[in-house]
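Please look over the model below with the following notes beside it.

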Amino acid sequence: MKSSGSPSKPAFTLVELLVVIAIVGILIALLLPAVQASRETARRSQCLNNLRQVGLAVLNHEGAKRHFPSAGNRGTLSDSDPAAAPFQQAGVFFQILPYLEQSTDYSDADVQGLTVPQYYCPSRRSPIARPDVAGTPTGLNDYAVPLWKDKAAGKGFGGNDAGCWNIWGDKAGDDLNHPFYRNAVFARSGKRQTAFPPNRMARVTDGVSHVLMVSEKFVDPALYHPVKMDDEPPHPTWGVPLYFTDMGYYSGFFWSTCRCSMYGPVPDQPLDKLAYWLMFGSAHPEGVNAVFADGSGRSLSYDISNSVFQVLCRIDDGEQIDVTAL
């Protein structure tokens with residue numbers, strides 16, 4: 001007699017199951033870098049778009065006021081009105097707020113804590129604020145403007161042997177409006193009670209498409225989401241916290257919003273791997289995004305030489321670099 005039971009169904013053996021799992025794992029391993037690369041391409045594109053919006057805001061400021069924003073002075077806020085330039089002590093990123101569709105009615109606390117979406121690179125972080133030494137929220141930024149400096153130039157013209165960190169300490173007379181304060185697009189606004197004139201478009205004699213205006217700044221990846229400023233641990237080499245490199249978007253003529261033109265950009269990396277920390281840099285693997293004085297945005301390779309990068313940051317050295325090759 002025939003059995004009335006159902007016929008047995010074939011099943012995976014343990015070996016076959018392991019083979020399938022291994023194949024799936026290999027496929028995932030092959031696809032994951034492509035997915036990550038695609039995401040990074042999208043983030044890099046958004047970062048470049050942010051810089052283009054910053055560049056457009058700068059040009060709208062220049063068109064409305066007939067001068068560029070100033071680079072401010074030493075991170076202080078003299079007036080919560082961005083229109084207080086040319087002697088506005090807060091920096092470029094504060095002065096262009098009205099041209100980024102941000103409110104123009106601020107208290108000092110509002111200014112400090114504002115997180116402006118266009119000031120953050122999505123490859124690093126979403127808009128974020130960190131507490132200052134008093135615990136007050138401070139809106140951060142991932143972009144900076146160049147300070148021109150040439151150690152070979154004479155004192156009073158941006159030259160001394162102390163490097164860019166001594167940009168304010170020229171012993172030949174820091175109270176004077178030395179030419180090097182105006183050799184980049186954004187000039188220092190002044191010192192103490194002395195107002196220095198802002199730059200105008202006519203001073204960009206090298207051509208607006210050849211002069212770098214704003215780029216990504218170097219940030220230690222450990223500080224993408226920083227702690228309260230006075231809780232930041234000391235740098236292992238210098239033995240002091242370096243929170244002044246990320247003290248807020250509104251700071252003027254300070255390392256939070258200004259970076260040195262003497263050195264080319266570097267990839268984000270731990271601070272103790274670097275001899276200097278005042279450069280431009282990014283989280284992107286190939287190079288940094290930048291916007292030029294004509295409002296155009298492009299990426300610059302990390303391989304760009306220091307001397308070429310310095311030429312790009314100066315408005316009037318008589319040299320024109322083909323940036324499409326960089």
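How many nonpolar, polar and charged residues does the lining of the largest pocket have?

1. By class, 9 nonpolar, 1 polar and 3 charged residues make up the lining of the largest pocket (Ala, Val, Leu, Ile, Met, Phe, Trp, Tyr, Cys and Pro count as nonpolar, Asp, Glu, Lys and Arg as charged, and the others, Gly among them, as polar). This is a predicted model, in which local features need pLDDT of at least 70 and side-chain atom pairs count only at pLDDT 80 or more, while totals for chains, interfaces and linings use all residues. Residues are numbered from 1 along each chain as its sequence is written, and side-chain values use heavy atoms, with hydrogens and water left out.

2. The largest pocket holds about 160 Å³ of space, and of its 13 lining residues the closest to the centre are Asp-220, Pro-233, Pro-234, His-235 and Leu-271. On a 1 Å grid over the protein atoms alone, a pocket is an open set of points with protein on both sides within 12 Å along at least five of seven lines, a cavity is a set where a 1.4 Å probe fits but cannot get out, and lining residues have an atom within 4 Å of a point. Grid points are joined across faces, edges and corners, and a volume is the space filled by probe spheres set on the points.

3. The whole structure contains 6 aromatic pairs (rings of Phe, Tyr and Trp, the last by its six-membered ring, with centres within 6.5 Å; planes under 30 degrees apart are stacked, over 60 edge-to-face and the rest tilted). The Tyr-249 and Tyr-250 rings have centres 6.1 Å apart and planes at 70°, so this pair is edge-to-face.

4. Leu-312 lies in helix 4 (helices, H or I of at least four residues, and strands, E of at least two, are DSSP runs numbered from the N terminus). Leu-312 is buried, with a relative accessible area of 0%, and the C-alpha atoms of Leu-312 and Ser-209, 103 residues apart along the chain, are separated by 9.7 Å.

Methods:
Buried < 20%, exposed > 50% of the residue type's maximum accessible area, 1.4 Å probe, protein only.
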